[in-house]
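Subject: Structure handover and notes

Hi,

Here is the structure for you to look over.

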Amino acid sequence: MSEIPYKIYLEESEMPRAWYNVRSAMKVKPAPLLNPATLRPMTADDLRPVFCDELIAQELDDTTEYFPIPEEIRNFYKMYRPSPLVRAYCLEKELGTPAKIYYKFEGNNTSGSHKLNSAIAQAYYAKKQGLRGVTTETGAGQWGTALSMACAYLGLDCKVFMVKVSYEQKPFRREVMRTYGADVTPSPSMTTAVGRKILEEFPGTGGSLGCAISEAVEAATTHEGYRYVLGSVLNQVLLHQSIIGLECKTALDKYGVKPDIIIGCAGGGSNLGGLISPFVGEQLRGEANYRFIAVEPASCPSLTRGKFAYDYCDTGMVCPLAKMYTLGSGFMPAPNHAGGLRYHGMNTVLSQLHADGLLEARSVEQTKVFEAAERFARCEGILPAPESSHAIRAAIDEALLCRETGEEKTILFGLTGTGYFDMTAYGQYNDGKMTDDIPTDEDLARGFASMPRIDI
C-alpha cells in the first residue's frame, strides 16, 4: 500500500460522471411524499407548480442507480472539485489515539460549504427549463450563498428567505448573497401571507427553516416564471451531494483504506446523506460493513427525540407531507449557532435507514461542539463551521474511545464548511457566554401537537 499523504487529491479525470441514488439499493424504500389535500402520494403533476421538471423526476425515482451529471455542471464542479480528503495526522497526535482520522473538506469554494454541489445542479435545471428565477430558504446562510453564486453564474434571479436569527447573527454571509445579486429577506416576514400568519402566532420569533420554507414556496407559486429550490431534506439534494461520498470512496480505494466509522452532522440530511450514500449502498448489497453516525444539535434533536411519522415539511403547512423523524412542523428551536441544523425533520432516506437500524444517531450540546471546533482548529489549521463541528465532536469522542480500548479504527467524517462568518458564535464561546438550550419534554410535546393525525 502506498504511503498515505496528508491530503489526497484526485485528478480532474477521476471526478464522478454520475450521481449515485442510494434508494436504488434500499429494500425498504422511503415512504412517498403525500399531497396535503388528498393524502395520496404526490405525483409529478402535483409537484410541477413548485419544482423544476427534471428535479421532480429525480425526486420521485427510487430505482435508477446512477444519474449522469450534465457536462455543464461537471465543468462548474471543476472550479473547486474534486475536493481534498485529508488525513488528520495532527489531530491524531494531539488526541494520542491509535485511530486513523480522515475528513472530506467541502469548504474550499467561495460559498464555504458543500451546498454548492446541489445549488449549481438545481439552478442549471431551472435555467434549462427557461425559468426567470428561483426562491429558497437558508438557515445559517451557506445554502443561500451557494445558490446566489450558482444563479449569478447562470443569469437567474434569486430570492432568499433567511431565518431571522441567522440574518441578524451572520450579516456578512447575508452580504455575500447580496453581492452575488440575491434578494435576501429575514424570515418570518411581512412580505408573504404565511409569514404574517406565523408572526401573528409567534410574535418576536427568531424563525426556523420550516418558516422560511413556507415563505419561499409561497413566493415561488405566486410569481410567474419562478420555482422553489431546497438545500437539504429532499432526495434530489442527497442525490447531488453523493458526489462527496463517491469522491471519498475513490480516494480511499486508491490507498486501500476502508473506514470503520463514517460520521456526519445532521440537520435536514444533505451532507450526511451525500457522504454515506455509496458506502450505504455497499452495505445494503452485502459487500462491506460500516458504522454510520448522524450527529445533531441537542437543541433540535429530530432523530434522537423525534417521532417517525408523516409530518409537514414546513411550518406554514403548505408543503407535502413526508414520513420522517420529526419534532413537529410547529416546533421552534432555540436560536443556537448551528443555524443550518435548525430544522424540525430529517430526510426520508436517512429516517428510513435510522428506523431500520442502519444509521446511529446522537445529539450534542453546542458548548461541547465549540470545544471540539477549537481543538480541531488549533491542530488542523481550518476554522470549522458550527454545523460541521458536530461531526468533529463525535469523531474526537470515537478517537478517544479508541485510545481507551487500544483499537485502531479508521474514522471518516465530513467537514462540510468553514466558520469564518460565524465569529459571533466563537466570540460567545470564548467569552464564556454560550449556553446550552435543550428542549424539555413539554417543549417537544407542543411541537408534536402540530403534527397531522394520519393513520398510514
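Predicted model: local features only at pLDDT ≥ 70, side-chain atom pairs only at ≥ 80, totals over all residues.

Residues are numbered from 1 along each chain as its sequence is written, and side-chain values use heavy atoms, with hydrogens and water left out.

**Helix H16**

Start with helix H16, residues 386-405. Helices here are DSSP runs of H or I with at least four residues, strands are runs of E with at least two, and both are numbered from the N terminus. The end C-alpha atoms of H16 are 29 Å apart. That agrees with the 28 Å that its 20 residues should span at 1.5 Å a residue. The expected span is 1.5 Å times one less than the number of residues. H16 is largely enclosed by the rest of the structure, because 15 of its 20 residues are buried. Buried means under 20% relative accessible area, exposed means over 50%, and partly exposed lies in between (1.4 Å probe, protein chains only). Just after H16, Gly 406 has a positive phi of about 80°.

**H15 against H16**

Two packed helices are described by the angle between their axes and the distance between the axes. For H15 and H16, the axes come within 8 Å and cross at roughly 80°. Axes are lines fitted to C-alpha atoms, for helices over the stretch in contact, and angles run from 0 to 180 degrees between N-to-C directions. The two helices are therefore roughly perpendicular to each other. The classes are: under 35 degrees roughly parallel, over 145 roughly antiparallel, 65 to 115 roughly perpendicular, and the rest oblique.

The contact (heavy atoms within 4.5 Å) includes Val 369, Phe 370, Glu 371 and Phe 376 of H15. From H16 it includes Ile 392, Arg 393, Ile 396 and Leu 400. By class, the contact of H15 with H16 has nine nonpolar, two polar and four charged residues. Ala, Val, Leu, Ile, Met, Phe, Trp, Tyr, Cys and Pro count as nonpolar; Asp, Glu, Lys and Arg as charged; the others, Gly among them, as polar.

**Salt bridges**

How many salt bridges are there? The count comes to 29. The rule is a side-chain nitrogen of Lys or Arg within 4 Å of a carboxyl oxygen of Asp or Glu.

Arg 393 and Glu 371 form one of them, with the closest N and O atoms 3.0 Å apart. Arg 393 lies in H16 and Glu 371 in H15 (residues 366-380), so the pair ties together parts that are 22 residues apart in sequence. Arg 393 is buried at 9% relative accessibility. Glu 371 is partly exposed at 42%.

Arg 291 is partly exposed at 26%, and Glu 360 is partly exposed at 33%. Glu 398 is buried at 5%.

A network of salt bridges links Arg 81, Lys 104, Glu 106 and Glu 247.

**Backbone points**

Arg 81 turns up again here. The peptide bond from Arg 81 to Pro 82 is cis, with omega near -5°. Pro 82 sits in the loop between helix H3 (71-77) and strand E4 (85-87). The bond from Ser 187 to Pro 188 is cis as well, with omega near 5°. Pro 188 is in the loop between strand E8 (183-187) and helix H9 (193-201).

Next, positive phi. Leu 39 is not a glycine, yet its phi is about 60°. It lies in the loop between strand E2 (18-20) and helix H1 (44-47), and is partly exposed at 37%. Val 233 has phi near 70°. Its place is the loop between strand E9 (226-228) and helix H11 (235-254). Val 233 is buried at 10%.

**Val 257**

Val 257 is in the loop between H11 and strand E10 (261-265). It is buried, with a relative accessible area of 11%. Leaving aside neighbours within four places in sequence, Val 257 is in contact with Ile 4, Tyr 102, Leu 252 and Thr 410.

Best wishes
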